[in-house]
Amino acid sequence: MKINENFLKIQNNYLFSDIAKKVKQYSAENPDADIIRLGIGDVTKPLCPAVCDAMRKAVDEMSQESTFRGYPPEWGYDFLKSAINSNDFASRGVVLSDDEIFVSDGAKSDCGNIVDIFAEDNIVAVCDPVYPVYVDTNVMSGRSGELSGDGKWSNFCYMPCTKENNFVPEIPDKKVDLIYLCFPNNPTGMTISRDDLKKWVDYANENEAVILYDAAYEAFITDDNVPHSIFEIEGAKTCAIEFRSFSKTAGFTGTRCAYTVIPHELKRNGTELNALWARRQATKFNGVSYVTQRGAEAVYSEEGKKQVRETINYYRKNAGVIYNGLKNLGYEVFGAVNSPYIWLKTPDNLTSWEFFDRLLKGVQVVGTPGSGFGPSGEGYFRLTAFGSAEKTKEAVERIAKL
């Protein structure tokens, strides 16, 4: 028996597990510390009333033999896929069929599992800094090569996102096969314009590459020139897969519901990727519960839309409080406008983890070290807007004391 030795290449712990361990240790040593957590992108506002009402009704249905449901469809109930299609795509002029939408238990899961349908020798391009899941899952699947001294994997194509290029990656000067893009971006909070995204679509089509487009934070977009979906861009249906989530949009981080869109027009080697993903999901996934999907459907009801919008605006205000507060303190800050994330330059030439320790031990505020997102993240730090308004304001006030 042999193990998958690619697992031995990656760090023992996931970035956010390391953060949790450090915070836990500090809390044990300082039991009276009032820690404000603005590190992990987990929401704090509860599910909205429309969602909860729909889920209660669904639970009642599950308690009656006449309305009880067993295994859900592997690809999602028709009622939810239809609601997604009408509200998230048709309303923006994007024409999809419902069978191009696959309901799942999370965008994180889908971003990691999508690699199952691609060959091991594909060249992967990732932004730097980057959401760690994109990198780690490809390492686990054998696409990475070896880790070099600069913190980069030898077989990956790294696309630096720095202040100099406004944190928007530049198109590679060589051919790549899989391209991970996330906008609004995690961790930098920056966005991409329609014109710039069209350049990526054109590159992918010309090189038969596939763009894996993570749009988990699209609900925070306020700029008309920033697309909510890559499928708003002409030509994207033949080169892109899109991941969406109800987690940050409607507070489903603990409820778990998301979806992935794979158009029938997207083909490689004469095969529809839609069919490959459908087969993968039917084999390895048993679907999302009926109760959860009814809750997700309610997000698109008239009351649901109104209530979800109020929650998103609440987090937007928090982002503004952090951004403006830090800027007034002299910090160099980015993001926040179309995003729940604030990306800041660490002061005094501190490393990312040194600044993490200064915040935790100095004023009991937790954020995320930029180096955990990749080499180009060193010297930067991420804060999230998902805390309470009171704690967010207090966190800025505490940081002012440093």
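Trainee: Is Glu242 buried or exposed?
Mentor: Glu242 counts as buried, at 0% relative accessibility. Buried means under 20% relative accessible area, exposed over 50%, partly exposed in between (1.4 Å probe, protein chains only). Keep in mind that this is a predicted model: local features need pLDDT of at least 70, side-chain atom pairs count only at pLDDT 80 or more, and totals for chains, interfaces and linings use all residues. Residues are numbered from 1 along each chain as its sequence is written, and side-chain values use heavy atoms, with hydrogens and water left out.

Trainee: Where does Glu242 sit?
Mentor: In strand E7, residues 240-245. Helices (H or I, at least four residues) and strands (E, at least two) are DSSP runs, numbered from the N terminus.

Trainee: Which side chain does the Glu242 side chain make a polar contact with?
Mentor: That of Ser229, at 3.0 Å. A polar contact is a pair of N or O atoms within 3.5 Å; within protein, one must be able to donate a hydrogen and the other to accept it, and residues adjacent in sequence count only if both atoms are side-chain atoms.

Trainee: New topic. How many residues are in the largest nonpolar core?
Mentor: The largest nonpolar core has 102 residues. Helix H10 (residues 302-328) gives the most to this core, with seven residues. Such a core is a set of buried Ala, Val, Leu, Ile, Met, Phe, Trp, Tyr and Cys residues joined through side-chain atoms within 4.5 Å.

Trainee: And why is helix H9 largely enclosed by the rest of the structure?
Mentor: Because seven of the nine residues of H9 (residues 290-298) are buried. Among them are Tyr290, Gln293 and Ala298.

Trainee: Now charges. How many salt bridges does the count come to?
Mentor: The count is 20 salt bridges. The rule is a side-chain nitrogen of Lys or Arg within 4 Å of a carboxyl oxygen of Asp or Glu. One of them joins Asp34 and Lys391 (3.0 Å, N to O).

Trainee: How many residues apart are those two?
Mentor: They are 357 residues apart. Asp34 lies in the loop between H1 and strand E1 (36-37), and Lys391 in helix H12 (residues 389-399).

Trainee: What else does Asp34 meet in a salt bridge?
Mentor: Arg398, at 3.1 Å, N to O. That pair is 364 residues apart. Arg398 is buried, with a relative accessible area of 10%, whereas Asp34 is partly exposed, at 38%.
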